[in-house]
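The following questions and answers examine how selected parts of one chain are arranged. Please consult the sequence and the structure while reading.

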Amino acid sequence: MASKVDSKLGTFGGVYTPSLLTILGVIMYLRLPMIVGSSEMITSLLLILAAHVVAVCTGLSIASIATDRNVGAGGPYSIVSRSLGLPIGGTLGLALFLGLCLSISLCVIGFSESFLSTIGVDATNTTALRMCGTATLVLLTIITFISTSLAIKTQYLIFAAIGISLLAVFTGSPDRLPVLEITDAQRAAPLPDTFVLFGIFFPAVTGFTAGVNMSGDLRSPKQSIPRGTMAAIFTGMAVYLSLAIFLKSRVPDEQLRFNPRVLEDLAYFSPAVTAGIWGATVSGALGFILGARRILQTISADGITPRWFARADGKTNEPRNALLLAFAIGEAGILIADLDAIAQVVSIVFMTMYGFLNLAAAIES
């Protein structure tokens, strides 16, 4: 019994780290510059604050329930199903599982865009995106299949890489930016609607549930979930607001809108930013893979989906059958090969889930 408890995760490794690394992921590196460049400073900041208000409210609801009752494996699904019943909980649990699987696709497509542009391949080529994304997803699935602990340990290195990349950006200079060749069609294209920009940005804040999704792997969910979740949300909000203000005040809007490598070009040491992008997108995908398979395992254990997916292997109850379905759905998302489209679908799923989480907290209170 002691070895089983010791193998579980604490607040920093099980909640704060995976949550923050998922928050500071693909949207921050690959879409935040475009969002900032396509809107006024005040609009950009309000978008970021609005998304984080939703995250803070939902995080407080989760913290309230987690400290009042035992949160088993399955995180948000466990909270809703035990509060509102299995019919509603099961429906939302399946939607959450789908959202997490598409979030895997979101991160992998983001990694593929950056990787292909770095090696000189056209990142808008859908065939290249699909091939690179598939290879990446297979590798990440193998890592997760071997061990949850191995996947968690890789995130500490990625945590350091993201910190170094942000330092490189904030110490960068606009003088490093290249001269862009912008076509008349690009200049004449209308700016995205504010609600579209919000839909693209919102998946950035959904990462705070990465730690909640790992509730079955935590040593003390009652203590770790509230502390780690709220700390990750406020850390992420501070980073996003600071980066948005820095970019808007230092970088021309045309660079933000039309240069997909603007952060790398701006940085004092561009390879550090490239490493940060790759690390953030990979860690985000790992976090969503870890969460998705646990959610499906718990749903299946309740008999909502086939119990074959509830099967656990090894001393840490690795849900490997559930991992295979998460891989299949994630691969289907990769075949879409459109990061913005996937982001907006993910936003819809998580906004619905957060609404019911807050309702569950209200009923519990």
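Q: At what angle do helix 8 and helix 17 pack, and how are they therefore oriented to each other?
A: In this predicted model, helix 8 covers residues 126–146 and helix 17 covers residues 320–336. Their axes lie 10 Å apart and form an angle of about 165 degrees. Angles over 145 degrees count as roughly antiparallel. Helix 8 and helix 17 are therefore roughly antiparallel.

Q: Which residues of helix 17 make the contact with helix 8?
A: On the side of helix 8, the contact involves L129, R130, G133, T134, L137, V138, T141, T144, F145 and I146. Helix 17 contributes R320, L323, F327, G330, E331, I334, L335 and I336.

Q: How many nonpolar residues does the contact of helix 8 with helix 17 have?
A: The residues of this contact fall into three classes, including five polar and three charged ones. The nonpolar residues number 10.

Q: In which hand does helix 6 cross helix 7?
A: Helix 6 spans residues 76–84 and helix 7 spans residues 86–118, with an angle of about 160 degrees between them and their axes 7 Å apart. Helix 6 and helix 7 are therefore roughly antiparallel to each other. The crossing of helix 6 past helix 7 is right-handed.

Q: What distance does helix 16 reach from its first C-alpha to its last?
A: Helix 16 runs over residues 270–301 and has 32 residues. At 1.5 Å a residue, the expected span is 46 Å. The reach in the model is close to that value, at 47 Å.

Q: How many of the residues of helix 16 are buried?
A: A residue counts as buried when its relative accessible area is under 20%. Helix 16 is mostly covered, and of its 32 residues the number buried is 27.

Q: Is S365 buried or exposed?
A: S365 is placed in the segment after helix 18, which covers 339–364. Its relative accessibility is 81%, and the cut-off for exposed is over 50%. S365 therefore counts as exposed.

Q: What separation do the C-alpha atoms of S365 and I146 have?
A: Along the chain, S365 and I146 are 219 residues apart. Their C-alpha atoms are separated by 41 Å.

Technical notes: Residues numbered from 1 in each chain as written. Predicted model: local features only at pLDDT ≥ 70, side-chain atom pairs only at ≥ 80, totals over all residues. Heavy atoms only, no water. Axes fitted to C-alpha atoms, helices over the stretch in contact; angles between N-to-C directions. Helix = DSSP H or I, 4+ residues; strand = E, 2+ residues; numbered from the N terminus. Parallel < 35°, antiparallel > 145°, perpendicular 65-115°, else oblique. Left-handed = near helix turned anticlockwise from the far one by under 90°. Expected span 1.5 Å × (residues − 1). Buried < 20%, exposed > 50% of the residue type's maximum accessible area, 1.4 Å probe, protein only. Contact = heavy atoms within 4.5 Å. Nonpolar A, V, L, I, M, F, W, Y, C, P; charged D, E, K, R; others polar.
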